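Dear colleague,

Please find below the structure that I am handing over to you, followed by a summary of what was found in it. I would be grateful if you read the two side by side.

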Amino acid sequence: MEAQQFEAAQVQVLQWLTQLTGKQADELRNIFDRCSSLAECLAILAEAGNKLRHCPHCEGDRLYRHGVYRGLQRYRCRQCGASFNVLTKTPLAFIRLREKWLPFLQCMLHSMTVRGAAKSIGIHRNTSFRWRHRFLAMAKDARALPLDGIVEADETYLLESQKGSRHLTRPARRRGGSASHRGPGKDHDCILVACNRNGKVCDFVPGRGPVTAQQLHDCLPPVLAPGILLATDSAVAYKAFATTAGIAHGTVNPRAGIRVDGLIHVHTVNSHHSRFKGWLRHFLGVASRYLPNYLGWRHVLDAGRVALPQHFLRVALMLDVI
């Protein structure tokens with residue numbers, strides 16, 4: 001009953017605000033938007049707190065409620081005596097201005113730059129950069145796994161970047177520069193993508209240079225369901241991996257003009273590569289150490305998996321997988 005009354009009051013206030021004009025009206029609208037955003041944010045955090053089952057300090061499961069601080073329910077562990085909230089020891093711990101979280105996530109859904117998002121919601125550009133990677137830290141791993149059916153796997157390469165680093169391990173390259181030789185080598189970051197025909201995707205950054213069978217062994221087995229059919233190009237590493245892992249394997253050879261062999265092709269994964277690289281150009285280069293976060297961000301946006309900032313926050317808290 002109270003929730004219905006609150007919603008009715010919100011509707012009345014919104015109707016009243018639409019009738020106002022001038023600077024004071026804009027200020028009132030901003031205040032109302034912040035309060036509404038904060039209430040929604042705290043509701044999602046409260047839901048995450050209700051699913052909390054273990055102490056982040058000792059993994060104990062004997063918890064009890066221990067007051068509220070800054071709108072968040074606190075808990076205490078009977079085993080170690082430590083107190084905590086749902087954000088303790090997560091990437092979102094100690095981030096303030098919770099009334100701006102959802103507007104910021106809306107900016108991320110629009111793929112806005114660091115400075116664009118900062119200007120839009122009124123925070124510093126350094127805060128905008130920090131928030132971007134804090135929200136992506138867990139969201140990048142919120143994947144619907146395992147991959148089943150026909151699974152396509154292929155790698156693509158990006159020139160290694162130390163953008164933002166104070167201590168370069170090589171001579172600086174002007175505006176990104178170019179590789180020391182043609183083809184993928186030690187100057188390139190390898191991006192391995194595996195996906196099935198139902199839209200499930202998993203990606204990795206295994207290292208630099210051409211992918212190896214050992215790297216495939218390190219990355220793929222945990223995300224593959226039993227009985228899958230692996231579709232790849234004719235690279236030797238995939239054949240060695242499939243043989244050792246006992247996985248059914250089909251190949252195509254695009255260099256020889258064989259791009260489809262019955263049900264075997266790699267069009268789906270190559271399309272993912274193309275969308276990711278085209279979207280990444282919008283940011284004018286990203287540091288290699290942040291590539292997993294940008295892969296996770298692209299996964300959030302791909303195929304409209306996340307349409308609302310509230311859903312994005314749920315993914316960042318691992319309440320939902322996509």
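Which residue in S5 is the bridge partner of glutamate 155? The partner is leucine 192. Before the context of this pair, a note on conventions is in order.

The model is predicted, so local features are given only at pLDDT of at least 70 and side-chain atom pairs only at pLDDT 80 or more, while totals for chains, interfaces and linings use all residues. Residues are numbered from 1 along each chain as its sequence is written, and side-chain values use heavy atoms, with hydrogens and water left out. Helices (H or I, at least four residues) and strands (E, at least two) are DSSP runs, numbered from the N terminus.

Overall composition

The chain contains ten helices and eight strands. Of its 322 residues, 41% are buried, where buried means under 20% relative accessible area, exposed over 50%, and partly exposed in between (1.4 Å probe, protein chains only). The chain exposes about 17900 Å², of which carbon and sulfur atoms supply 53%; accessible areas come from the Shrake-Rupley method with a 1.4 Å probe, and for residues only the protein chains shown count as cover. Among contacts (heavy atoms within 4.5 Å) between residues at least 6 apart in sequence, 58% join residues at least 24 apart.

The five-stranded sheet

Five strands form an open sheet in the order S6-S5-S4-S7-S8, and their pairing is mixed. Two strands are taken to pair if DSSP finds at least two bridges between them. Strand S6 (201-208) and strand S8 (248-251) are the edges, each pairing on one side only. On average, neighbouring strands of this sheet are turned by 25° against each other, direction ignored. Axes are lines fitted to C-alpha atoms, for helices over the stretch in contact, and angles run from 0 to 180 degrees between N-to-C directions.

The pair in the opening question belongs to this sheet: strand S4 (residues 150-159) and strand S5 (residues 188-196) are antiparallel and share nine bridges. S4 also pairs with strand S7 (residues 229-232), here in the parallel sense and over three bridges; isoleucine 150 has leucine 229 as its bridge partner in S7. S7 and S8 run parallel and are joined by four bridges, with glycine 250 of S8 as the bridge partner of alanine 231.

Helix packing

How do H5 and H9 lie, roughly parallel or roughly perpendicular to each other? The axes of helix H5 (residues 125-139) and helix H9 (residues 291-301) come within 9 Å and cross at roughly 75°. The two helices are therefore roughly perpendicular, a term used for angles of 65 to 115 degrees, with under 35 counted as roughly parallel, over 145 as roughly antiparallel and the rest as oblique. H5 contributes Arg132, His133, Leu136 and Ala137 to the contact, and H9 contributes Asn293, Tyr294 and Trp297. By class, these are four nonpolar, two polar and one charged residues; Ala, Val, Leu, Ile, Met, Phe, Trp, Tyr, Cys and Pro count as nonpolar, Asp, Glu, Lys and Arg as charged, and the others, Gly among them, as polar.

Helix H3 (101-109) is largely enclosed by the rest of the structure, because seven of its nine residues are buried. The buried residues of H3 are Trp101, Leu102, Phe104, Leu105, Cys107, Met108 and Leu109. Just after H3, serine 111 takes a positive phi of about 55°.

Loops and backbone details

Glutamate 160 sits in the loop between S4 and S5 and counts as buried, at 4% relative accessibility. Leaving aside residues up to four places away in sequence, glutamate 160 touches Arg170, Arg173, Asp187, His188, Asp189, Arg208 and Ser288. Its C-alpha is 9.6 Å from that of serine 178, a residue 18 places away in sequence.

In the loop between H5 and S4 lies proline 146, which is joined to leucine 145 by a cis peptide bond with omega of about 5°.

Two further loop residues have positive phi without being glycine. Glutamate 59, with phi near 65°, is in the loop between helix H2 (23-50) and strand S1 (63-69) and is exposed at 54% relative accessibility. Leucine 97, with phi near 55°, lies between strand S3 (83-84) and H3 and is partly exposed at 39%.

Yours sincerely
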